[in-house]
Every structure is written in structure tokens, then in C-alpha cells.
Amino acid sequence: MPAPLITGWGKCLPPAVLSNTDLEALTDTTDDWISTRTGMKERRVSHVETSDLAAAAGREALAAAGLDPEGLDLVIVATCTPDRLVPSAAALVQQKVGATRAAAMDLNAACSGFIYGLAVADQMIRAGAVRRVLLIGAEKLHFFLDFSDRATSVLFGDGAGAVVLEEAGEDGGLLAFELGADGTAAEILCIPQSGTEGFPGTERRARVQMEGPTVFRRAVEAMGDSALRVLEKAGLGLDEVDLFIPHQANLRIIEATARRLGLDASRVMVNLAAYGNTSAASIPIALAEALEQGRVRPGALLVLAAFGGGLTWAAAAY
């Protein structure tokens, strides 16, 4: 059975920049406070919808793969901020990129969504159900931020990243993965009233809520431990990892996870200073930039790890 491989990649980052200095005018914060605690300097704000960001990233990935969109069998959009609940963002993307033959679905595992989607796409191709998949992580998170709350408003940004997966070769691809969730801790990171809870007609204020210290501790543990487990499943060691691409949640979380794994900075991809936390989009954006920068060579071993609302976590050895 040919291994599903990433044959194309792309990203879309809105041109509008919200800097730490800009945030000083919106909430009780300073550039130094944000930089010291998060490592972030800027984030992007989209004036178009999530599906527009996703479609732009998807078109770039299709071009990189040299694939006509009509050749796609499935479009998956990992997102927790779709344009609307019905139809799915993926259905809108299918129309916007011209993937007329493709099935389409959204997948919501919050910040872990891209790795969840990678596992789903890989397994569907291996099962023979589909041959070519466009997988996108896309978010418009600023829509759910309370800019008077400095604990959350400084963290998140908008953007999209995409990959094309095709049955392409005997070797490589997704070597091992782990998907996990702990619904008992759902309230630690959530967006209340963003769905059907509550009563029709009542005033709604759906905004991100987060218990920062608890999220920090659990993220470091979950990402570090799941990364080790996928390497063990794949029969590989940490010394064989060429690049670790973690969810870009917070520089302190990334550094603590890297220390837990014993990885030096040269083997860790970090780009959150420019984009903030883009949830399901963060890993595909980071992957696209790592490829553009020449940090991923043919045959390289990548480890991806994420943690997000749910609480969910995921890791993959690719």
C-alpha cells in the first residue's frame, strides 16, 4: 500500500497586523508584559471569513502539489471558528477552490485539530477510501476575544495553513500518531455560548475563557509525553528527530516542552512572535514556513505535538 505523503503545502496570513503596542491601547497591558510572558510581538487579524483564509491556503498547497482541485477526493478543514455551523467551512472551501468531486467536512479538536485531521486523512487514504486529501487548519479567533481581558486577548491570531496528502510512495509519511482528550477538564479552555447552550433569544457573549496556569502545566505534560509515545510507537529515538513542530501557543510552553524532550532550539520550530496562537492553523503554518526556510529536507523526521480546548492533545511522527 503506497504511503500517504504531503505533496504540497501553503499558508494564508491576513495583512492586517495587531501589535503589542496596539494592544496597549485596548487593554491593561504593555509590550514588555506580553513579550515576557508569551514571546509574542504581533498577530494577524482577518477581515474576511475563515473559509476565505482556508481557501487561499488550500489553493497555494494545490499549486505546490501541481494538483488540479478536481482531482481531490476529500477536503477537511480543522477549525473551531467556522464561518457558520451549517454549511461547514469545508463545504465553502470545496466550492471556492473548485474541488467539485470532493467530499467535505469540518473537524473540531481546537488547537489539536490539524494533527487529528492528519491522522484521519492518512487512515482514509491507507484504507483505500480516498486517494487525495486537502487538509487545512484555519481560524478567525479574534472574533471570540474580549479585548478588555488581557489574559486571553493578547494570545490569539488569525490565519490558515494547508497540506495536500496523496498516496505517493512506499516509505515515509505518518509513522505513528496519538490522539487524546479529557472532557472532564472542558471548562479550563472554552468558548461558552458559542453553540446551542442557553436559551433562544437571550443575549449571547461568546468569548474565550481560559485558566492559564492549568493550561500551561497540562500542555507541557501532554505535548511532551505524547511526543515521546509516538516516537516509541515508531521505534525511533529523540536523537533521530530533525525538527520538532509544536503548537504555537506560548513560548514558555514550547521551551518547557523542548526541555522535557531534551531538544535544543536548533531542532524546534518557533514562529509565534509574528502570529500568536492561531489554534488549528498554527502547526500547518509553522510547517509551511519551515519548508520555505529549508529547515525540512527530504527524508527528515518531524515530530508534531499540540494541545487545546477539549481538553485535547495529539502528536505525530512524520
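Reader: Which side chain meets Arg101 in a salt bridge?

Author: This is a predicted model. Side chains of opposite charge can pair when their charged atoms come close. For the side chain of Arg101, the N to O distance in the salt bridge is 3.2 Å, and the partner is Asp73.

Reader: Where do Arg101 and Asp73 lie, and how many residues apart are they?

Author: Arg101 is in the loop between H4 and strand S5 (103-107). Asp73 is in the loop between H3 and strand S4 (74-78). The pair links distant parts of the chain, and the separation is 28 residues.

Reader: How many salt bridges does a search of the whole structure find?

Author: The pair of Arg101 and Asp73 is a salt bridge, and so is the pair of Asp31 and Lys41, at 2.9 Å from N to O. A search of the whole structure gives a total of 12.

Reader: How many residues apart in sequence are the parts that Asp31 and Lys41 tie together?

Author: The side chains of Asp31 and Lys41 meet in a salt bridge. Asp31 belongs to helix H2 (residues 31-38), while Lys41 belongs to the loop between H2 and strand S3 (42-44), so the parts tied together are separated in sequence by 10 residues.

Reader: What is the relative accessible area of Lys41?

Author: Asp31, the other member of the salt bridge, is partly exposed at 24%. Lys41 is partly exposed as well, and its relative accessible area is 37%.

Reader: At what angle do helices H3 and H4 pack?

Author: Two packed helices are described by the angle between their axes and the distance between the axes. For H3 (residues 50-65) and H4 (residues 89-97), the axes are 9 Å apart and the angle is about 50°. That makes H3 to H4 oblique.

Reader: How many nonpolar residues are in the contact of H3 with H4?

Author: From H3 the contact includes Ala54, Ala55 and Leu62, and from H4 it includes Leu92, Val93 and Val97. Asp52 and Lys96 also take part in this contact. The residues divide into 3 charged, 1 polar and, as the number asked for, 7 nonpolar.

Reader: What is the handedness of the crossing of H7 and H8?

Author: The axes of H7 (residues 212-234) and H8 (residues 251-261) come within 9 Å and cross at roughly 40°. H7 and H8 are therefore oblique to each other. Their crossing is right-handed.

Reader: How many charged residues does the contact of H7 with H8 have?

Author: Among the residues that meet are Glu221 and Asp225 in H7, and Arg252 and Arg260 in H8. By class, the contact has 9 nonpolar and 2 polar residues, and the charged ones number 4.

Reader: Is Leu165 buried or exposed?

Author: Leu165 lies in strand S7 (residues 159-169). Leaving aside neighbours within four places in sequence, its contacts include Leu5, Ile6, Leu118 and Val133. At 1% relative accessibility, Leu165 counts as buried.

Conventions:
Residues numbered from 1 in each chain as written. Predicted model: local features only at pLDDT ≥ 70, side-chain atom pairs only at ≥ 80, totals over all residues. Heavy atoms only, no water. Axes fitted to C-alpha atoms, helices over the stretch in contact; angles between N-to-C directions. Helix = DSSP H or I, 4+ residues; strand = E, 2+ residues; numbered from the N terminus. Parallel < 35°, antiparallel > 145°, perpendicular 65-115°, else oblique. Contact = heavy atoms within 4.5 Å. Nonpolar A, V, L, I, M, F, W, Y, C, P; charged D, E, K, R; others polar. Salt bridge = Lys/Arg side-chain N within 4 Å of Asp/Glu carboxyl O. Buried < 20%, exposed > 50% of the residue type's maximum accessible area, 1.4 Å probe, protein only. Left-handed = near helix turned anticlockwise from the far one by under 90°.
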